[in-house]
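Keep the picture open while you read.

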Amino acid sequence: MTKTFLQAEWRKLAMANYVVDPKLLQPYLPGKTEVDLWNNNCYVSLVGFMFLNTKVIGFKVPFHTDFEEVNLRFYVRFKENEVWKRGVVFIKEIVPKPALTFVANTVYGENYETMPMAHSWILEADEQIIEYKWRKRDRCHSFKVRTGIELLEISEGSEEEFITEHYWGYTKIKNNKTSEYGVEHPRWNIYRTLDYNIDVDFGNVYGENFSFLNNINPHSVFLAEGSLIEVKSGRIV
């Protein structure tokens, strides 16, 4: 049985999903994986959410239990024993704690970056406004979504299902070396999006290859409530 490395709650996951050319992602693609498509569309997603009640190997680390994360990710699949495993690859993960960045980058080969971050959850009788903010150098960035408060089930075969139902993480260590880890959580519910605002300089945060996202609208934006999650210990595939 694979050991649990991390337990936490992932809550209020704001997701903006952009359709892009798959060729853009080839330099980031881990070995033995291929880009996963939905209705022949290739997606990258900007995702902001909260880590809450975080435990590493069963222990809470002081001052590192509750914090924001914003990431840019895309979707892949890996075939093992004739079964496709669907996962995500992170272009970059932004967190406010330097210790998180150090461990993730040096031990797990991820691409974390530490930036000042903040969040705002405004919960009202008939709507909620969820916002995540971060700053790189002198440029502030933000992702805000306004939704209803009724939780909705994700439809079978929907775009929302494709975005949320990837239960593996893959990391490109070297061209021929890929790490894999599992993420376990129940099927999530979502809220109906009423409005959103994305004020992000993608080139500033993620590199010039992604600056074109400044000038296009996402294909979809939604807010998932999230749940308790478990990240399993990884392996090389």
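A salt bridge here means a side-chain nitrogen of Lys or Arg within 4 Å of a carboxyl oxygen of Asp or Glu. Keep in mind that you're looking at a predicted model. With that cut-off, searching the whole structure turns up 18 salt bridges. The general idea is simple: side chains of opposite charge can pair when their charged atoms come close.

Let's look at a few of these pairs. Arginine 235 bridges to glutamate 80, with 2.6 Å between the closest N and O atoms. Why might you want to find this pair in the picture? Arginine 235 sits in strand β14 (residues 235–236) and glutamate 80 in strand β4 (residues 67–80), so their bridge ties together parts that are 155 residues apart in sequence. Arginine 235 is partly exposed, at 36% relative accessible area, and glutamate 80 is partly exposed too, at 24%.

Now try another pair: glutamate 180 and lysine 85, whose side chains meet in a salt bridge at 3.0 Å, N to O. Glutamate 180 belongs to strand β11 (residues 177–184) and lysine 85 to strand β5 (residues 83–95), so this bridge links parts that are 95 residues apart in sequence. Are these two buried or exposed? Glutamate 180 is buried, with a relative accessible area of 3%, and lysine 85 counts as buried at 11%.

Salt bridges can also share partners, and here Glu9, Arg11, Lys12 and Glu225 are joined that way into one network. Inside that group, glutamate 9 pairs with arginine 11, their closest N and O atoms being 3.0 Å apart. Arginine 11 is partly exposed, with a relative accessible area of 21%.

What about disulfides? A disulfide is a covalent bond between the sulfur atoms of two cysteines.

Time to step back and take in the whole fold. The protein has three helices and 14 strands. Its radius of gyration is 17 Å, close to the 18 Å that the globule rule gives for 237 residues, so the protein is as compact as a globular protein of that length. Along the principal axes, the C-alpha atoms fill a box of roughly 50 × 45 × 40 Å. Take the contacts between residues at least 6 apart in sequence: 68% of them join residues at least 24 apart.

Of the 237 residues, 49% count as buried.

So what's in there? The largest nonpolar core has 39 residues, and Leu46, Trp134, Phe202, Tyr206 and Phe210 touch the most other members. Several elements each supply at least two residues of this core, including β1 (4–20), β3 (42–56), β8 (128–136), α3 (202–206) and β13 (220–232). Apart from this core lies another one, of 29 residues, with Trp38, Phe67, Tyr75 and Tyr112 among them.

To finish, zoom in on leucine 46. Leaving out residues up to four places away in sequence, leucine 46 touches a list of residues including Ala14, Val70, Phe143, Ile198, Phe202 and Tyr206.

Methods:
Residues numbered from 1 in each chain as written. Predicted model: local features only at pLDDT ≥ 70, side-chain atom pairs only at ≥ 80, totals over all residues. Heavy atoms only, no water. Buried < 20%, exposed > 50% of the residue type's maximum accessible area, 1.4 Å probe, protein only. Helix = DSSP H or I, 4+ residues; strand = E, 2+ residues; numbered from the N terminus. Rg over C-alpha atoms; globule rule 2.2 N^0.38 Å. Contact = heavy atoms within 4.5 Å. Core = buried A, V, L, I, M, F, W, Y, C linked by side-chain atoms within 4.5 Å.
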